[in-house]
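Trainee: I'm new to this one, could you walk me through it?
Mentor: Gladly, let us look at it together and take your questions one at a time.

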Amino acid sequence: MLTKEQNKMWDAAYDSARHNDVLDPETTTLMHLAVALAVGCDP
């Protein structure tokens, strides 16, 4: 279980990856799925 500080840092990192100005939304979603599959997580 994450501490409050770790959870806050994780949320900030995830939000910066999810809501970026570099990739279009479709590419961002595909990248999230690819990374999840690459590390063995079920999307």
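Trainee: Where is Thr28 found?
Mentor: Thr28 is found in helix α2, which covers residues 25–38; helices here are DSSP runs of H or I with at least four residues, strands are runs of E with at least two, and both are numbered from the N terminus. Please keep in mind that this is a predicted model, in which local features need pLDDT of at least 70 and side-chain atom pairs count only at pLDDT 80 or more, while totals for chains, interfaces and linings use all residues. Residues are numbered from 1 along each chain as its sequence is written, and side-chain values use heavy atoms, with hydrogens and water left out.

Trainee: Is Thr28 buried or exposed?
Mentor: Thr28 counts as buried, because its relative accessibility is 3%, where buried means under 20% relative accessible area, exposed means over 50%, and partly exposed lies in between, with a 1.4 Å probe and protein chains only.

Trainee: And what is Thr28 in contact with?
Mentor: Leaving aside neighbours within four places in sequence, Thr28 is in contact with Ala17, Arg18, Asn20 and Leu23, contact being heavy atoms within 4.5 Å.

Trainee: What about Ala36, buried or exposed?
Mentor: Ala36, which also has its place in helix α2, is buried, with a relative accessible area of 17%. Its C-alpha atom is separated by 20 Å from that of Val22, 14 residues apart along the chain.

Trainee: How far apart are the end C-alpha atoms of α2?
Mentor: They are 20 Å apart, which agrees with the 20 Å that the 14 residues of α2 should span at 1.5 Å a residue; the expected span is 1.5 Å times one less than the number of residues. After α2 comes Gly40, whose phi is positive, near 85°.

Trainee: Switching topic, where is Ala13?
Mentor: Ala13 is in helix α1, and Ala13 is partly exposed, with a relative accessible area of 40%. Between the C-alpha atoms of Ala13 and Thr28, 15 residues apart along the chain, the separation is 14 Å.

Trainee: How many helices and strands are there in the protein?
Mentor: The protein has two helices and zero strands, and its C-alpha trace spans about 30 × 25 × 10 Å along its principal axes.

Trainee: How much of the protein is made up of buried residues?
Mentor: Buried residues make up 5% of the 43 residues in the protein.
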